[in-house]
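Hi there,

Here is the structure I promised to pass on.

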Amino acid sequence: MRPWLWRLVIRILLVEDDNDIAARLVTGLRPEGFVVDRAQNGEDGYAMGAHDEFDAAILDLGLPNMQGLTVLRKWRAAKRDMPVLILTAHGTWAEKVEGLNAGADDYITKPFHIPEVVARLRALIRRKSGAANSVLTHKDISLDTVAGRVAIAGKSVNLTASELRMLTYFMHRAGRVISQNELMEHLYALEESAESNTIEVYISRLRRKLGRDIITTVRGLGYRMD
């Protein structure tokens, strides 16, 4: 199995006015398990980041309508804490410092290489979730997000691609209530379709393979990995 086939779909907000750069990022990130929503100016980017849930954002600094640093400051003022990767054409020391002081988590300079963007995004998301490396643990469950291997108390467990994606999402957010809509948005790319009971089916399978108590149903709200 090619590794990206099972990986979690990660929702990224791309705020970039250059169509060529945006197309390159979207094309390069999609095979790696990223779903990219794009805003073409600062005002739209701020509105999307302020009201929708994203795992991370790629933010250009030179934007029409509202500059990138202004967008970033307004996000942080609104308590939006998603990791932000700044995309800059200049990469001067002063510009990088200003971006980091405004609340950016990392920066990358144009021209860039897609594998580096992918690596930086994944590192930021792992850091945000409290996981410093590629192996996630919860009680006696371990999940290697690079190799796609799951074990309980050291004993290997076989999961399907969709089960792995769902387990990864829950382990990144242990203790948090996750709604069905959030699971659907993050586990399936925009071009994919899923049946209305898909989430319940996969949660049932995870419980059967990993233990009935691994995921709790919170009535009227969603699910939680305690």
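**Strands, a helix and a loop**

Strand E8 (residues 149-152) and E9 are joined by 3 bridges and run antiparallel; helices (H or I, at least four residues) and strands (E, at least two) are DSSP runs, numbered from the N terminus. Alanine 151 has serine 156 in E9 as its bridge partner. Two strands count as paired if DSSP finds at least two bridges between them.

Before going on: this is a predicted model, where local features need pLDDT of at least 70, side-chain atom pairs count only at pLDDT 80 or more, and totals for chains, interfaces and linings use all residues. Residues are numbered from 1 along each chain as its sequence is written, and side-chain values use heavy atoms, leaving out hydrogens and water.

E8 and E9 belong to an open sheet of 4 strands, ordered E6-E7-E8-E9 with antiparallel pairing. Strand E6 (135-138) and strand E9 (155-157) are at the edges with a single partner strand each, so one side of each has no neighbour in the sheet.

Elsewhere, strand E4 (residues 84-88) runs parallel to E5, and 4 bridges join them. Leucine 85 has aspartate 106 in E5 as its bridge partner.

What about glutamate 32: where is its place? It is in the loop between helix H1 (19-29) and strand E2 (34-39). Glutamate 32 counts as partly exposed because its relative accessibility is 26% (buried means under 20% relative accessible area, exposed over 50%, partly exposed in between; 1.4 Å probe, protein chains only).

Best wishes
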